[in-house]
Amino acid sequence: MLIRDFQLVDTDGIVEILKLNSQYGFPEVDGSEAMKRVKACSAAVFLVCEVEGKVVGVVRGNYDGSRAIIHQLSVHPAYQRRGIGTALVKEIVKRFRQMGAPTVSATVIEEGLPFWQKIGFRKTKVFLMGNW
Ligand SMILES: CC(C)(COP(=O)(O)OP(=O)(O)OC[C@H]1O[C@@H](n2cnc3c(N)ncnc32)[C@H](O)[C@@H]1OP(=O)(O)O)[C@@H](O)C(=O)NCCC(=O)NCCS
């Protein structure tokens, strides 16, 4: 398993994973053009996990000098429960710490709670509000 920075060649593999996990509701936010913009953004950390040359997981988030927030995590269904999600979060947390982030938070859906709690994140009273 290799955790590395996102490259443009990973785009289609990531879209496939997001679709399989029903996380591709907004192509404007998660599609190929958005991925290009995230790659160019100095506040963003955008990582993938590769197994035998295939992209099987993705994590991304940003640190703006105050808070670091992970806002996307997805592992291909055929590769779940092999430690890939844990490895992706560990690496992005390490990157944020190296950038100077004092804390790291994550936006989480209900189904993801057991995973996040298992890896040491605790539920807070803050919730996400949208305007779209
Ligand atoms: C949530 C997700 C990222 C976890 O990735 P993963 O690679 O399967 O996670 P790991 O193998 O590192 O799991 C670590 C531990 O978390 C817990 N865990 C992971 N998935 C779980 C699940 N579906 N139900 C209950 N516990 C779970 C387990 O304790 C697991 O350890 P174990 O396999 O030894 O029991 C992955 O299931 C996924 O992409 N799901 C669909 C999209 C999603 O929900 N993303 C998160 C948005 S908040």
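In this predicted model, 5 strands form an open sheet in the order β1-β2-β3-β4-β5, with mixed pairing. Strands β1 (2–5) and β5 (104–106) stand at the edges with a single partner strand each, so one side of each is left without a neighbour in the sheet. From one strand to the next, the twist averages 30 degrees. Two strands are said to pair if DSSP finds at least two bridges between them, and the strands themselves (E, at least two residues), like the helices (H or I, at least four residues), are DSSP runs numbered from the N terminus. As a general point, strands of a sheet pair through backbone hydrogen bonds, either parallel or antiparallel.

Because this is a predicted model, local features need pLDDT of at least 70 and side-chain atom pairs count only at pLDDT 80 or more, while totals for chains, interfaces and linings use all residues. Residues are numbered from 1 along each chain as its sequence is written.

| Strands | Sense | Bridges | Bridge partners |
|---|---|---|---|
| β1 and β2 | antiparallel | 4 bridges | L2 and E50 |
| β2 and β3 | antiparallel | 8 bridges | A44 and N62 |
| β3 and β4 | antiparallel | 7 bridges | V59 and L73 |

Strands β2 and β3 make a hairpin with 2 residues between the strands, and in this hairpin E52 takes a positive phi near 50 degrees. Helix α1 (residues 11–20) lies across β2, β3 and β4, and runs at about 85 degrees to β3; such angles run from 0 to 180 degrees between N-to-C directions, with axes that are lines fitted to C-alpha atoms, for helices over the stretch in contact.

Which residues is V51 in contact with, leaving aside its neighbours within four places in sequence? V51, which is found in strand β2 (residues 44–51), is in contact with M1, V56 and Y79, where contact means that the C-beta atoms of two residues, placed from the backbone, lie within 7 Å. V51 and I3 are 48 residues apart in sequence, and their C-alpha atoms are 9.1 Å apart in space. V51 has 14 other C-beta atoms within 10 Å, and is therefore partly exposed; a residue is buried with 20 or more such atoms within 10 Å, exposed with 12 or fewer, and partly exposed in between.

Turning to the whole protein, there are 5 helices and 5 strands, which follow the pattern β-α-α-α-β-β-β-α-β-α along the sequence. Of the 132 residues, 26% count as buried. Among contacts with a separation of 6 or more, 56% are accounted for by residues 24 or more positions apart.

Around the ligand there are 19 residues, of which Q80, G85, T86, G112 and P114 come nearest; a residue counts as near a molecule if its C-beta atom, placed from the backbone, lies within 6 Å of it. Strand β4 (68–75) and helices α4 (84–99) and α5 (113–118) each supply at least two residues of this shell. By class, the shell has 7 nonpolar, 8 polar and 4 charged residues, where Ala, Val, Leu, Ile, Met, Phe, Trp, Tyr, Cys and Pro count as nonpolar, Asp, Glu, Lys and Arg as charged, and the others, Gly among them, as polar.
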